[in-house]
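Here is a quick walk through a protein model for anyone meeting it for the first time. Have a look at the picture, then read on.

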Amino acid sequence: TGAVTFDPGFMNTAATTSAITYIDGDAGILRYRGYPIEQLAQHSSFLEVSYLLIYGNLPSPTELEAFDQRIRHHTLLHEELKGFFSGFPRDAHPMPVLSSAVSALSTFYQDSLDPFNAEQVEVSTYRLLAKMPVIAAYALKKSIGQPMLYPDNSHNLVENFLRLSFGLPAEQYEVDPVIAKALDLLLILHADHEQNCSTSTVRLVGSSNANLFASVSAGINALFGPAHGGANEAVLKMLRQIQADGTKPEDYMEKVKNKEDGVRLMGFGHRVYKNYDPRAKIVKATAHEILTKLGGNDELLEIAMRLEEKALNDDYFIQRKLYPNVDFYTGLIYKAMGFPEKMFTVLFAIGRLPGWIAQWREMISDPNTKIGRPRQLYIGEPERDYPVR
Ligand code: CMC
């Protein structure tokens, strides 16, 4: 204990050491385990990046193959867990459906819940990596009233997810390599981001020795908020609104700058990046190419680019060092791939999963870990006597 430091939002407080992800927010640098995000985006795969984050080094080809096979082995959901989906209203948002089903995994896999048993942690890791995309696809199917397919383990993780999301029982689903590659890239870009809100939540919940499923479920709920992962959905809503109302981007910017009704330019600004988000740079560079190939909505991309151009040349944004973040352009790509807006944050969650797992495992195996327990500065009533009447 001792003197308490007041730091709302943990602007300056490091709650942990970590060897997983490095960010230099002023220079716009992001590295996973030392590897620059640009190199991973160009040469790696989501599967390989997941291994890298969780185990610390790139896998050998044999290790990657074994990792892949083991994940494929765990894709099937317990039939009773499938029944779970019918309990939600038809128009349920898939994020709370996802967090509920992930939380429910601790009821189905009671044999792998001990955070201090390395073998059990390993099994939970594979179960989560394999099953979460399946749960996510079922949440989508549920929301559009289509039947759920069984995973087909001749496909890898990303292809399987696409087939489960868009396939129909009576039809042969052909994975579009352009979509699979683009999705793989976006998942890589989301895979970890050090102590962001959802990851800190995973660590905080896990610091009480809660199991991995419970901790990740809490992370999913933290990600749901529009200031965090929910921003990708909010960006698209904003762009569509501007399009539908015929608002000029410059007029919208005036509203943002005057803070009318608390309106913000969604997809802009970041707690750590005071420079162009390196992930947004990669997404922007690919958005045009992918949208051309997939026939995405050019008008919305046009609006987004005009908003960005205006913002980057505007004193309000320059003074506050507000740049596009990863969420600014991703929604347009997800939309072009055929995902409904409600699924955007779910896609973020699938991408962030290996990061959550890696951070939780690092926390659990760190001898310096203590239960997370912030302090407060009490500002309430001083002691007063209960009025005995
Ligand atoms: N539009 C307009 N003004 C903004 C924006 C924005 N998007 N972001 C920050 N500001 C202003 C804010 O009003 C404040 O101005 P002032 O100094 O006059 O009060 C100043 O910039 C500093 O903002 P802050 O809210 O104190 O900064 P923060 O570090 O607490 O918040 C943030 C970071 C990401 C929550 C915030 O920038 C934001 O709300 N952005 C929009 C939502 C968004 O895109 N979130 C995704 C974040 S990146 C990926 C992820 O984590 O999911």
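This is a predicted model: local features need pLDDT of at least 70, side-chain atom pairs count only at pLDDT 80 or more; totals for chains, interfaces and linings use all residues.

Let's start with the big picture. The protein is divided into two parts: domain 1 covers 66-224 plus 342-365, and domain 2 covers 231-337. Taken over C-alpha atoms, the centres of the two domains are 28 Å apart. Where they touch, domain 1 puts in 13 residues and domain 2 puts in 16 residues.

On the domain 1 side of this contact, two elements give two or more residues: α8 (177-190) and α17 (344-365). The largest share is that of α8, with eight residues. By class, this side of domain 1 is made up of 10 nonpolar residues, two polar ones and one charged one.

As for the overall scores, ipTM is 0.97 and pTM is 0.96.

Now for the strands. Three of them make an open sheet with antiparallel pairing, in the order β1-β2-β3.

Take the first pair. β1 (residues 21-24) runs antiparallel to β2, and four bridges link them. Across this pair, Tyr22 sits opposite Arg31 of β2, and Asp24 sits opposite Ile29 of β2. The hairpin of β1 and β2 has four residues between its strands, and Gly28 there has a positive phi near 70 degrees.

The second pair is β2 with β3 (residues 35-36), again antiparallel, with two bridges. Here Arg31 has Pro36 of β3 as its bridge partner, while Tyr32 stands opposite Tyr35 of β3. The hairpin of β2 and β3 has two residues between the strands, and Arg33 takes a positive phi near 50 degrees.

Which residues make up the covered and uncovered faces of these strands? In β1, Thr21 and Ile23 form the covered face, with Tyr22 and Asp24 on the uncovered one. In β2 (residues 29-32), Leu30 and Tyr32 are on the covered face, whereas Ile29 and Arg31 are on the uncovered one. That puts Tyr22 of β1, on an uncovered face, opposite Arg31 of β2.

## A helix tucked away

How many residues of α7 are buried? Helix α7 runs over residues 157-166, and nine of its 10 residues are buried, which leaves the helix mostly covered. Among the buried ones are Leu157, Val158, Phe161, Leu162, Leu164 and Phe166. The buried list also includes Asn160, Arg163 and Ser165.

What do these buried residues pack against? Their neighbours are α2 (46-55), α3 (61-73), α6 (118-144) and α8.

## Around the ligand

The ligand has 20 residues around it, and the nearest are Ala231, Arg264, Gly269, Arg271 and Asn325. Sorted by class, this shell holds eight nonpolar, eight polar and four charged residues.

First, Tyr316, which belongs to helix α15 (residues 315-319). Is Tyr316 buried or partly exposed? It has 15 other C-beta atoms within 10 Å, so Tyr316 counts as partly exposed. Between Tyr316 and Pro226 there are 90 residues in sequence terms and 22 Å in space, going from C-alpha to C-alpha.

Next, Tyr323, which is found in the loop between α15 and α16 (327-337). Tyr323 counts as buried because 22 C-beta neighbours lie inside 10 Å, and the cut-off for being buried is 20 or more. Leaving out residues up to four places away in sequence, Tyr323 touches Phe268, Tyr273, Asn275, Tyr276 and Asp277. Pro177, on the other hand, is 146 residues from Tyr323 in sequence and 31 Å from it in space, C-alpha to C-alpha.

How values were computed:
Residues are numbered from 1 along each chain as its sequence is written. Domain bounds come from an automatic or database domain assignment. Two residues are in contact if their C-beta atoms, placed from the backbone, lie within 7 Å. Ala, Val, Leu, Ile, Met, Phe, Trp, Tyr, Cys and Pro count as nonpolar, Asp, Glu, Lys and Arg as charged, and the others, Gly among them, as polar. A residue is buried if 20 or more other C-beta atoms lie within 10 Å of its own, exposed if 12 or fewer, and partly exposed in between; C-beta atoms are placed from the backbone. Two strands pair if DSSP finds at least two bridges between them. A residue is near a molecule or strand if its C-beta atom, placed from the backbone, lies within 6 Å of it.
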